[in-house]
Amino acid sequence: MTRVRRGYIARRRRSKMRLFASTFRGAHSRLTRTIMQQKMRALVSTHRDRGRQKRDFRRLWITRINAVTREGRVSHSYSRLIHDLRKRQLLLNRKILAQIAISNKNSLYMISNEILK
């Protein structure tokens, strides 16, 4: 039987996996089977945490807006502020409101006073 010379395709595939796992520690960056397991786990985590990141940022923005509205000059809470914004059809999302609340509180106070009138 003649000798079969193997190609480089399998080696190329494994070296690509090693590039992905080059920052992993120990056997997770050296052994092919362990690299595959860790790669699948890492990809699952990134997919899950993209949704979680959106959730966490929204919670942060709501907390910041609520803290500034309860400080003093605004006479109502976060929920009343958002409700009145919707009623007046002012299209400001929570990210922009949180940036306004942190950088320039007076602007947020002016917006809330305009809503109340």
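Below are my entries on what I looked up.

**Ground rules.** This is a predicted model, so I keep in mind that local features need pLDDT of at least 70 and side-chain atom pairs count only at pLDDT 80 or more, while totals for chains, interfaces and linings use all residues. Residues are numbered from 1 along each chain as its sequence is written, and side-chain values use heavy atoms, with hydrogens and water left out.

**Entry: α2.** I started with α2, which runs over residues 32–69. Helices here are DSSP runs (H or I, at least four residues), numbered from the N terminus. I checked the length: at 1.5 Å a residue, its 38 residues should span 56 Å, and the end C-alpha atoms are 55 Å apart, which agrees. The expected span is 1.5 Å times one less than the number of residues.

I also found a kink of about 30° in α2, centred on Asp 49. The bend at a residue is the angle between axes fitted to the seven residues ending there and the seven starting there.

Next I asked which residues of α2 are buried. I got Thr 34, Ile 35, Ile 65, Val 68 and Thr 69. Buried means under 20% relative accessible area, exposed over 50%, and partly exposed in between (1.4 Å probe, protein chains only). Thr 34 counts as buried because its relative accessible area is 18%. Not counting residues up to four places away in sequence, Thr 34 touches Ala 27 and His 28; contact means heavy atoms within 4.5 Å. The cover over the buried residues of α2 includes α1 (9–20), α3, α4 and α5.

**Entry: α3.** In α3 (residues 78–87) I noted Tyr 78, Leu 81, Ile 82, Asp 84 and Leu 85 as buried. Looking down the axis, I see them fall within an arc of 165°, so they line one face of the helix. The arc is taken from the directions from the helix axis to the C-beta atoms. On the other side of α3, Arg 86 and Lys 87 are exposed. The buried residues pack against α2, α4 (94–103) and α5 (105–116).

I stopped at Asp 84, which is buried with a relative accessible area of 8%. Leaving aside neighbours within four places in sequence, Asp 84 is in contact with His 76, Ile 115 and Leu 116.

**Entry: the loop and α4.** Gln 89 sits in the loop between α3 and α4. Is Gln 89 buried or exposed? It counts as exposed, at 67% relative accessibility. Its phi is near 60°, a positive value in a residue other than glycine.

In α4 I found Arg 94, Leu 97, Ala 98, Ile 100 and Ala 101 buried. They cover an arc of only 160° around the axis, which puts them on the same side of α4. They pack against α2, α3 and α5.

**Entry: aromatic rings.** I searched the whole structure and got two aromatic pairs. Rings of Phe, Tyr and Trp (its six-membered ring) pair if their centres lie within 6.5 Å; planes under 30 degrees apart count as stacked, over 60 as edge-to-face and the rest as tilted. One of the pairs is Phe 20 with Phe 24, edge-to-face, at 6.3 Å centre to centre with 90° between the planes. Phe 20 counts as partly exposed, at 35% relative accessibility, and Phe 24 also counts as partly exposed, at 23%.

Last, I noted that Lys 39 lies over the face of Phe 20, at 5.4 Å from the ring centre. A charge sits over a ring if NZ of Lys or CZ of Arg is within 6 Å of the ring centre and within 35 degrees of the ring normal.

How values were computed. Helices (H or I, at least four residues) and strands (E, at least two) are DSSP runs, numbered from the N terminus.
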